[in-house]
Amino acid sequence: MAVGLDKVRPDKVTEEKHLVVEGMDISGHWNRMFEQRVIWDYDVDNLEKVTNLPGGESLGWCYGCAKCTAVCPIDIVGDYSPRKIHRKTQIGVDLFTSSDLWLCTTCMNCLRVCPKEVNMIQIMPAVREQAVLTGAVPPELQKAFEDTAKHGNPLGQPQRKRADWAKAAGVPVPIMKDLKRAVDILWYVGSYPAYHPRGMDAARAAARIFNALGIDFGILGIEEKDDGDSQRLAGEKGLFEMLAEQNIAAFGKYEFNRMVVTGPHEFNAFKNEYPKYGADFKVAHYTRFLVEHLDKLRPMLKKPINLKVTFHDPCYLGRHNGEYEAPRELLRAIPGIELVEMGRCRENGYCCGGGGGGMWLDSFTKEHTTMRLSERRVREAAEYGAEVLAVCCPFEVSRFEDAAKSTGNDKLIVRDILELLDESMKE
Amino acid sequence: MNIVVPIKQIPNLTDELEINGDGTGLDHDALQYVLNEFDEHAIEEAVLAKEAAGGTVTVIGVDTTGELDGALHTALAKGADKAARITGDFPRGTDSHTQAKLLANAIRSLSPDLVLTGVQAADDRDGQIGPMIAAHLGLPYVGVVTGVAVKDGKAIVHKEYAGGLMGEFEVSLPMVVGVQAAHQPPRYAPVSKVRQIAKTAKIDEIAGDEAAGAGSTVRRMFKPEAAGHAEMWEGGPEEVAEKIAALIKEKGLLKG
Amino acid sequence: MSNDVLILAEHLKGKVSDISFEMTGKGRQLAVAFGGKAVAVMLGSGAAALAATLGADSVLYVDDPALAEFNPQAYGRVLAALINDRAPRLVMVGNTSMGMDLAAGLSVTAGLPLMAYVNGLAAEGGALAATSQIYGGKIQAEAVPDGEACVVSCLAGAFPADAGRVGAGLVPALEQIASPVPLADLQIKFVRMIEPQSGDVDITQQPILVSIGRGIGGQENIELAQELAEALGTAVSASRPVTDAGWLPKTRQVGKSGLTVKPKIYLAFGISGAPEHLEGMRGAETIIAVNTDPKAPIFDVAHYGATCDMLDLLPALTEKIKA
């Protein structure tokens, strides 16, 4: 129970003309400044449950300044922010069983502005892991875990079909197992580009671009598994570790100079997390990789795309890994495109809602917010008069396309930058 | 209550199944093995029964793949208490008669009150192991069961017939049950938990006797030739929807 | 050993199951090849009239109050005694809910080989070969028993039923006997029959069905199928995984352990077509299957097929039907 809730104790408030304390005469009024103050007004049990967990410590550092609340993408569509979570622990909310546990997308905008470095990117996975261990997980997220564990991808598609998208690429997509030689670039395709119909569009576009540039590349095909990073952030650390081990073993079978990934989440996984499990290779997101080849690519971009385009910064490319320029450089290289920036861009970019497990919590999040983050975002794109919302994260295309439809912005075209480049390369 | 769950690993049916060189079996080495899905239900029903009536759940299988431990660790993560592995020269695709006899011999010494196993497996060419284990142990068997409730040394089981009709039976324990479906879908075992358990779990190892044999010999294995094949419609959802709607209209099945 | 074929006939709620006739017809054919007789066995209480419908060479009807309802232990004991007594060349049991409780156990107690999931039986020069449908219908395995006698469990629908009904020219000798073994001390007691939940729509009576399988992905997508069914004025039916997951009631399940449906149009969305499911819907007039896997067995029975994503198709079709 709360201790010392009665902050003022009138019986102790007396007035004396001369007060001698330890031999010194202090004049003035006696007040509670002179006695021991109650510093713990609230029950700390719920807070300590979090801060006692490895990774959960920093929630205790919050001093309630609410800078995070101002930038939290969820608070814009709901009632939620790290500061609010901290406050709620004081008034009896147990984060372990609260719906708040599943709303954070680990977009990192709070950490960017937090003076105390309260790190939700560590707090959330730590607390969620405890919920996962006891099975207290929203069913849709649990299904994504189960599908990932069973099939190697969160979409629940058969592993043996992981390279099927390539058949319709119209260009060769060499598979390492058949290639039997070293390549310059190992292209990690990722689950959504491999299986989601709109992801496949981007994957096929990438294949055509790589071929046009004469890149010496190969993919892992059915030896590739989901990177698992979002599952880790959603609390299934064991699943992430299992996938990391399997992927690292698959990478290790082949020789390559560098890896290129389609998705920012994979980029984050391979750059920042896999090295902890023994991975040792260089990795680039496709936007940076293609910028390196821009001299050769630019002359191929012949067909103008005369549209007003805005760009959505993926949280895991921008804030998490500091890449803001490469996607924009690619867009600027496409003739005809007029690039407009939305208000929330770059370091303060809004979140699509798909990170940190949000991709598999759509119904849950919708229940606890006034609108989907993706819906808020397409509205913003429309407010800025954009005709095309350009993205470079495989989570986003389907999220934003659905949101464009559900918000009545059907005219807004959502395209991966790969698709725009591919389109511009057509004769 | 002492509950034992015999389990079986089978080829992953979502994989492409290939026939071996002499055409009498599968090319097992090319296949990924998974736990028989009916056994997943048996494990779930066992854990539910334990949660309801107390007791211990022991999961046991013949290690035909060298990878049985993964399935056993998962079962432990779901709430089983003990796990045992029968080892010996039993390759992938070992027949049901052999597995049933090995399992029965191992289970006998465990003196179970209740044996729950999957009602069937996709590779049961020579029959289902549940009734065989029951026969070896001289225990009553009821299969195609979708719910088990234990009370006062007796089990009430619901056996499914066609059309949703069910027969209710009261069986004095011990007995063997062939589980068709647990009364709730099998729970997910978080990999985090499975991995924790894999580090500490002790799996009893039982040396298996010799193979009993199926009693019959496969002389030819082949993929069924399709009697016919659908006329395939190309195109995306819009085009296909158009064609289906036209057909429904043509048959006069449009409402209103 | 005799050259007879012993066929276990099944009956439920006063009706002989089709599998009994299917096996009887095939059994008679095999008995001729073996040079023996086809003996149909029915177990029951006061059910002699049912036994008389079986078109075998002879019918053995075992009457006992303990056999009034199916009881795996009672059936198992009686059959074991009869097999022991008559030493048939072949014992045929259905690969059904009842038969699956018996065949494998008999194989062990009688020491006979068992070939299960049989959808093909041939006697070549007097030797039996049985073809089993295994691995979810993906593989056929043709096998021969190591000895001469054996048990087979047959899939429903594998053989024509009419060949096993009593017809003109064949009046089987019906022999009624009491149970050859005591049935008083059974550990298994039949309690009651539980009828399927009533009050729900009867999917066997719909001229068109929207049927969904694993491809529906999750409970949240059921709505999409329901909207289409509503537009069509019908109900959503499903394959086993969907009802097992509790996304739809059991009364909507099509297939072996569910209902058999024969609508004018059967829309199979995201159903791969396991043999157990096909058993319940192959009689539909027109089958349209949509599954992303072009190799799914459902396409072998469907008349029309497509491989697009059912989750996109459902709303598109609903819109077209409503228009």
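How many bridges join strand β3 of chain A to strand β5 of chain A, and do the two run parallel or antiparallel?

Modeller: This is a predicted model. In it, β3(A) covers residues 183–188 and β5(A) covers residues 256–261. The two strands run parallel and are joined by 5 bridges. One pair to look for is Tyr188(A), which stands opposite Val261(A) in β5(A). β3(A) also has a parallel link to strand β4 of chain A, residues 217–219, through 3 bridges. There, Ile185(A) has Phe217(A) as its bridge partner. Strands of a sheet pair through backbone hydrogen bonds, either parallel or antiparallel.

Now the chain around these strands. Chain A holds 20 helices and 10 strands. Its C-alpha trace spans about 95 × 45 × 40 Å along the principal axes. Of its 427 residues, 48% are buried. Take the contacts in chain A with a separation of 6 or more: 77% of them involve residues 24 or more positions apart. One backbone detail deserves a check. Ala66(A) is not a glycine, yet its phi is positive, about 70°. Ala66(A) sits in the loop between α1 (45–51) and α2 (67–71) of chain A. With 16 other C-beta atoms within 10 Å, Ala66(A) is partly exposed.

The largest nonpolar core has 252 residues, and Val177(B), Ile7(C) and Val41(C) touch the most other members. Helix α10 of chain A, residues 197–212, gives the largest share of this core, 8 residues. A second, separate core has 52 residues, among them Trp247(C), Val290(C), Phe299(C) and Ala302(C). In soluble globular proteins, nonpolar side chains tend to be buried together.

Follow Val177(B) into chain B. Setting aside neighbours within four places in sequence, Val177(B) contacts Leu114(B), Val115(B), Leu116(B), Val142(B), Val145(B), Val148(B) and Val157(B). Chain B has 6 helices and 13 strands. Its C-alpha trace spans about 65 × 50 × 40 Å along the principal axes. Buried residues are 54% of its 256. For contacts in chain B with a separation of 6 or more, residues 24 or more positions apart supply 74%.

Next comes a sheet that includes strands of chains B and C. It is open, with 10 strands and mixed pairing, in the order β11(B)-β5(B)-β4(B)-β1(B)-β6(B)-β10(B)-β7(B)-β8(B)-β9(B)-β12(C). β11 (203–207) of chain B and β12 (188–194) of chain C stand at the edges; each has a single partner strand, so one side of each lacks a neighbour in the sheet. Neighbouring strands are turned by 30° against each other on average, direction ignored. Helix α1 of chain B, residues 37–53, packs on this sheet. The helix touches β1 (2–7), β4 (56–62), β6 (114–118), β7 (141–151) and β10 (175–179) of chain B, and its direction makes about 150° with that of β6(B).

β8(B), residues 154–160, and β9(B), residues 166–172, pair in the antiparallel sense over 7 bridges. Ala155(B) has Val171(B) as its bridge partner in β9(B). The loop between β9 and β10 of chain B holds Pro174(B). The peptide bond from Leu173(B) to Pro174(B) is cis, with omega near 0°. Strand β7 of chain B contains Val144(B). Val144(B) has a positive phi of about 55°, although it is not a glycine. Val144(B) counts as buried, with 26 C-beta neighbours inside 10 Å.

Chains B and C meet elsewhere too. Their contact takes 73 residues from chain B and 77 residues from chain C. On the chain C side, helix α4 (residues 99–109) gives the largest share, 8 residues. That side divides into 44 nonpolar, 17 polar and 16 charged residues. Strand β13 (residues 231–233) of chain B pairs in the parallel sense with strand β17 (residues 304–306) of chain C, over 3 bridges. Met232(B) stands opposite Gly305(C) in β17(C).

Finish at helix α9 of chain C, residues 310–322. At 1.5 Å a residue, its 13 residues should span 18 Å; the end C-alpha atoms are 18 Å apart, which agrees. Buried residues in α9(C) include Met310(C), Leu313(C), Leu314(C) and Leu317(C). An α-helix has 3.6 residues a turn, so residues three or four places apart point the same way. The cover over the buried residues of α9(C) includes α6 (237–250) of chain B, along with α5 (222–232), β15 (265–269) and β16 (286–290) of chain C.

Technical notes. Residues numbered from 1 in each chain as written. Chains lettered and ligands numbered in written order. Predicted model: local features only at pLDDT ≥ 70, side-chain atom pairs only at ≥ 80, totals over all residues. Contact = placed C-beta atoms within 7 Å. Helix = DSSP H or I, 4+ residues; strand = E, 2+ residues; numbered from the N terminus. Nonpolar A, V, L, I, M, F, W, Y, C, P; charged D, E, K, R; others polar. Pairing = 2+ DSSP bridges. Buried ≥ 20, exposed ≤ 12 C-beta atoms within 10 Å, placed from the backbone. Core = buried A, V, L, I, M, F, W, Y, C linked by C-beta atoms within 7 Å. Axes fitted to C-alpha atoms, helices over the stretch in contact; angles between N-to-C directions. Expected span 1.5 Å × (residues − 1).
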